[in-house]
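Subject: Structure handover

Hi,

Here is the structure I promised to pass on to you. My notes on what turned up follow below.

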Amino acid sequence: MPDQPHWTRLGLVAGGGDLPVEIAHAMAGMNPFIVRVKGFGTDPFEGFESVEKSIGQIGGILKALKAAGCDALCFAGYVTRPDIKDLQMDARGLVLVPKALAAGRKGDDAILRVVIEEFEQAGLTVIGANEVLKSLAPGAGVLTRTAPSQADQADIDKALATARHMGEMDIGQAAVVARGTVLAVEAQEGTNPMLDRLVELPGHLRGQAGERFGVLAKTPKPIQERRIDLPTIGLETVVRCERAGLAGIALEAGGALIVNREAVIEALDAVGMFLVVSEAGQ
């Protein structure tokens, strides 16, 4: 259950994936208002008051949130960087374009900060998904029945270090290391397509059922805007890691979200994979 909130009504800007659905249902007793981002996700959020808006309709989103009595806002779910010419922008969205373009030269996190600032200037408190639902962000420890071996731990350390290094350059949040070799790093395509590429690698570079090895690590960037874009894993992540022959997944305590946590751990336990959460910086 979520903690007693310090807001009157929460607005949830829902992109793709299962994260916004989990948050909405966990907050159902507090009557969240859902803004469904057009083109992302398929859940209709039945039973919730909701509206659909394009990502470029900033003024329309603000108007809907204010009309619904929202004083706090949470962004959840994935939204890929759009092509501006394809956006359905309203007047406020158009005004924001120059700022977003300038920020885009500095990376995705700079764009996110511009977006957050726009909503905060309108009087809304922007809250991270991990603050809305604290159970999404696990503490340090091994969460599965299977624990990493010494060889796995070496891969975990290198994968976390690699992911952090990529984050320092604002490239991505994830990396895969197997037997000391970096097999993949995440860029604009996202984690799932990165994991899908691993299946095409030669068998001797990656594990397989019966002889799993290799680790997916996901960490926040040092400049991460943690209220809107924390690294996330869910059941789809597990399926792809299993298919790629990996031995497990490593996250950073307080720096990642697990969607549908019980089901994720159950799925990992079923195939003998591990999920490790390391202290930040370790």
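**What I found**

Let me start with helix H2, residues 58-67, where Ile58, Gly60, Ile61, Leu62, Ala64 and Leu65 are buried. Buried here means under 20% relative accessible area, while exposed is over 50% and partly exposed lies in between (1.4 Å probe, protein chains only). Helices (H or I, at least four residues) and strands (E, at least two) are DSSP runs, numbered from the N terminus. Just past the end of H2, glycine 69 has a positive phi of about 80 degrees.

Please keep in mind that this is a predicted model: local features need pLDDT of at least 70, side-chain atom pairs count only at pLDDT 80 or more, and totals for chains, interfaces and linings use all residues. Residues are numbered from 1 along each chain as its sequence is written, and side-chain values use heavy atoms, with hydrogens and water left out.

For the overall picture, the chain has 9 helices and 13 strands, and 49% of its 282 residues count as buried. Contact means heavy atoms within 4.5 Å. Among contacts between residues at least 6 apart in sequence, 71% join residues at least 24 apart.

Helix H1 (residues 19-26) has Leu19, Pro20, Val21, Ile23 and Ala24 as its buried residues. They pack against several elements, including strand S1 (10-14), strand S2 (33-37), strand S4 (72-76) and helix H5 (129-132).

The structure holds 0 disulfides, a disulfide being a pair of cysteine sulfur atoms within 2.5 Å.

In helix H6 (residues 150-168) you will find threonine 162. With 15% relative accessibility, threonine 162 counts as buried. Leaving aside residues up to four places away in sequence, threonine 162 touches Ala175, Val177, Val182 and Val185.

Finally, a helix pair: the axes of H8 (residues 235-243) and H9 (residues 261-271) come within 9 Å and cross at roughly 15 degrees. Axes are lines fitted to C-alpha atoms, for helices over the stretch in contact, and angles run from 0 to 180 degrees between N-to-C directions. H8 and H9 are therefore roughly parallel to each other, the term for angles under 35 degrees. On the H8 side, the contact is made by Leu235, Val238 and Glu242, and on the H9 side by Ala263, Val264, Ala267, Leu268 and Val271.

Best wishes

Notes: Parallel < 35°, antiparallel > 145°, perpendicular 65-115°, else oblique.
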